[in-house]
Amino acid sequence: MPDACTLSPAQRPALIAAWLLAGAGTLPFLAGAVDVVLRNGEWLGAVQIYGAVIASFVCGIHWGAALVAAEGLALRLFLISNIAALLGWVAALLPAGPGFLLLAVLFAALLLVDRHLWRARLWPLWFWRLRGIITAVVVGACLVIGAVA
């Protein structure tokens, strides 16, 4: 699996775009954390739904990995990602405090799946690093929101 330093020049714009788009995806979580700390948390409902959507998005990425994984791993990925997507939905239905705490746990658990996919050589190192950094930001924001809301 090619890594960032072995990508062809034609592939590098996609890598840069992935980092920029993933970083932009953290902005609603960071805005929610600022909102709950400095204001009255009026955006939290929208951020909570966004969190469920993003958790489902990550689950969809795992489904994509399942399509090329060995049969046993594929079945586990299908099951885990469906359960995780449903937990994201539950998190969206809960009050903000427990909902964001559940999202924090969910995103951390999804990162463990990514770690397994990297170790199984289904993810390149650059993607594992991206997922780790983005997940740290998202989990941190969710914990702040969950603690303050």
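Colleague: What share of the 149 residues in the protein is buried?
Modeller: Keep in mind that this is a predicted model. Buried here means under 20% relative accessible area. Of the 149 residues in the protein, the buried ones make up 40%.

Colleague: Which elements are included in what covers the buried residues of helix 3?
Modeller: Helix 3 takes in residues 44-66, and its 33 Å reach from first C-alpha to last is close to the 33 Å expected. Its buried residues include Leu 44, Gln 48, Gly 51, Ala 55, Cys 59 and His 62. An α-helix has 3.6 residues a turn, so residues three or four places apart point the same way. The cover over the buried residues of helix 3 includes helix 2, helix 4, helix 5 and helix 6.

Colleague: Which helix gives the most to the nonpolar patch?
Modeller: The patch sits on the surface and is formed by Val 34, Val 37, Leu 38, Val 144 and Val 148, with about 440 Å² of accessible area together. Two helices, helix 2 (27-38) and helix 6 (125-148), each supply at least two of its residues. With three residues, the one giving the most is helix 2.

Colleague: Is Val 34 buried or partly exposed?
Modeller: You'll find Val 34 in helix 2. Anything under 20% would be buried and anything over 50% exposed, with partly exposed in between. The relative accessible area of Val 34 is 47%, so it counts as partly exposed.

Colleague: Which residues is Trp 43 in contact with, leaving aside its neighbours within four places in sequence?
Modeller: Trp 43 has its place in the loop between helix 2 and helix 3. It counts as partly exposed because its relative accessibility is 40%. Skip the neighbours within four places in sequence, and Trp 43 is in contact with Ala 31 and Asp 35.

Colleague: How far apart are the C-alpha atoms of Leu 94 and Pro 9?
Modeller: Leu 94 is in the loop between helix 4 (71-93) and helix 5 (96-119). Beyond its neighbours within four places in sequence, Leu 94 is in contact with Gln 48, Gly 99 and Leu 102. Pro 9 is 85 residues away from Leu 94 along the chain, and their C-alpha atoms are separated by 46 Å.

Colleague: Is Arg 121 buried or exposed?
Modeller: Look in the loop between helix 5 and helix 6, where Arg 121 lies. Arg 121 has a positive phi of about 65°, although it is not a glycine. The cut-off for exposed is over 50%. Arg 121 has 69% relative accessibility, so it counts as exposed.

How values were computed: Residues numbered from 1 in each chain as written. Predicted model: local features only at pLDDT ≥ 70, side-chain atom pairs only at ≥ 80, totals over all residues. Heavy atoms only, no water. Patch = residues over 30% accessible without salt bridge, like charges linked within 9 Å, V, L, I, M, F, W, Y side chains within 5 Å. Areas by Shrake-Rupley, 256 points an atom, 1.4 Å probe, with all protein chains shown as cover. Salt bridge = Lys/Arg side-chain N within 4 Å of Asp/Glu carboxyl O. Helix = DSSP H or I, 4+ residues; strand = E, 2+ residues; numbered from the N terminus. Buried < 20%, exposed > 50% of the residue type's maximum accessible area, 1.4 Å probe, protein only. Contact = heavy atoms within 4.5 Å. Expected span 1.5 Å × (residues − 1).
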